Amino acid sequence: MKYRKLGKTNFEIGEIGYGAWGIGGTQWLGGTDDQSLAALRRAIDLGLNFIDTALAYGAGHSEQLVGQVAREAGRRIYIATKVPPKNQLWPARPGIGIEQVFPYDYILRSTERSLKHLGVETIDLLQLHVWNPEWIARDEWRRALEELKRTGKVRAVGISINDHQPDSALEIIETGLIDTVQVIYNIFDQSPERKLFPLALARDIGVIARVPLDEGSLTGTIDEHTQFAPGDFRVGYFRGDRKRQVREHVESLLRDLGADAASLPEIALRFCLSQPAVSTVIPGMRSLRSVEANCAVPDKGPLPPETLAVLRRHAWDRNFYD
């Protein structure tokens with residue numbers, strides 16, 4: 001494992017972090033708590049020291065598993081979690097006021113719930129789980145985050161940017177009041193490179209790259225015959241003819257890369273880590289095989305320029321979250 005500084009927090013975190021949405025038990029199905037705990041422990045054995053979870057992941061179940069493993073790790077594990085929108089709408093909708101989404105008292109109460117689930121006295125990084133730039137001048141979020149830092153319940157604060165809307169964070173970065181942003185970034189969605197990443201570098205903002213494998217598309221294992229359990233998040237994400245679209249885009253990508261290319265998941269993660277603005281990449285990992293493969297990626301280093309040039313041609317403008 002190699003490590004990078006998480007912006008101005010000065011946390012030295014692994015280039016591969018752990019995305020803990022998939023272990024919440026309610027939206028990504030097909031795994032067990034024992035498998036999740038084994039994967040987390042193995043990741044930590046391999047040098048991983050940053051875990052990203054959220055109160056919304058299984059109504060705190062993911063936080064409970066993360067807290068259990070972090071407390072028994074025997075070394076420093078950085079935990080990031082998130083305050084869910086009170087109105088339960090992902091992403092944030094235009095025209096809905098912050099009083100319906102992140103009231104001051106609600107942010108504080110949600111943080112207390114996360115502290116209890118995690119079994120810690122201080123959260124390393126607390127993020128708002130959605131963001132709307134229309135709220136920039138309101139003081140609810142400012143007062144709440146400042147209070148949590150002042151009382152020592154939170155060390156650093158940030159936002160999780162709405163799906164495929166990286167420019168919505170530019171204004172809040174300029175306030176100087178947040179430490180990090182979490183954003184979708186992968187071979188298909190390269191949009192953060194245009195404005196968000198240059199500004200993050202200039203303002204020393206930590207960048208957490210989420211969905212590096214595009215919810216599984218960039219594993220190269222999804223086609224028209226792929227089936228997910230009823231109720232699994234991916235049933236909706238890959239609905240209609242989307243599996244066919246994914247297969248065609250992945251096949252085109254692999255043809256361009258050529259026969260000598262490394263595995264597609266490795267290339268996808270190295271693509272993210274080739275970007276200097278990125279502090280860490282947080283794939284979901286529920287199997288020991290995935291943990292061991294992903295945690296070995298930092299040792300491979302950034303991709304060569306000729307490979308990056310090929311990948312630039314495969315940006316894909318679409319939103320499967322709709």
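1. Contact here means heavy atoms within 4.5 Å. Leaving aside neighbours within four places in sequence, Glu-266 is in contact with Val-297 and Lys-300. The model is predicted: local features need pLDDT of at least 70, side-chain atom pairs count only at pLDDT 80 or more, and totals for chains, interfaces and linings use all residues. Residues are numbered from 1 along each chain as its sequence is written, and side-chain values use heavy atoms, with hydrogens and water left out.

2. Glu-266 sits in helix α9, residues 264-273. Helices (H or I, at least four residues) and strands (E, at least two) are DSSP runs, numbered from the N terminus. The relative accessible area of Glu-266 is 13%. Buried means under 20%, exposed over 50%, partly exposed in between (1.4 Å probe, protein chains only). Glu-266 is therefore buried.

3. Turn to strand β6, residues 123-128. Six of its six residues are buried. β6 pairs with β5 (residues 78-83) in the parallel sense, over four bridges. Pairing requires at least two DSSP bridges between strands. Val-83 has Leu-128 of β6 as its bridge partner.

4. β6 also runs parallel to β7 (residues 154-160), joined by five bridges. There, Gln-127 stands opposite Gly-158 of β7.
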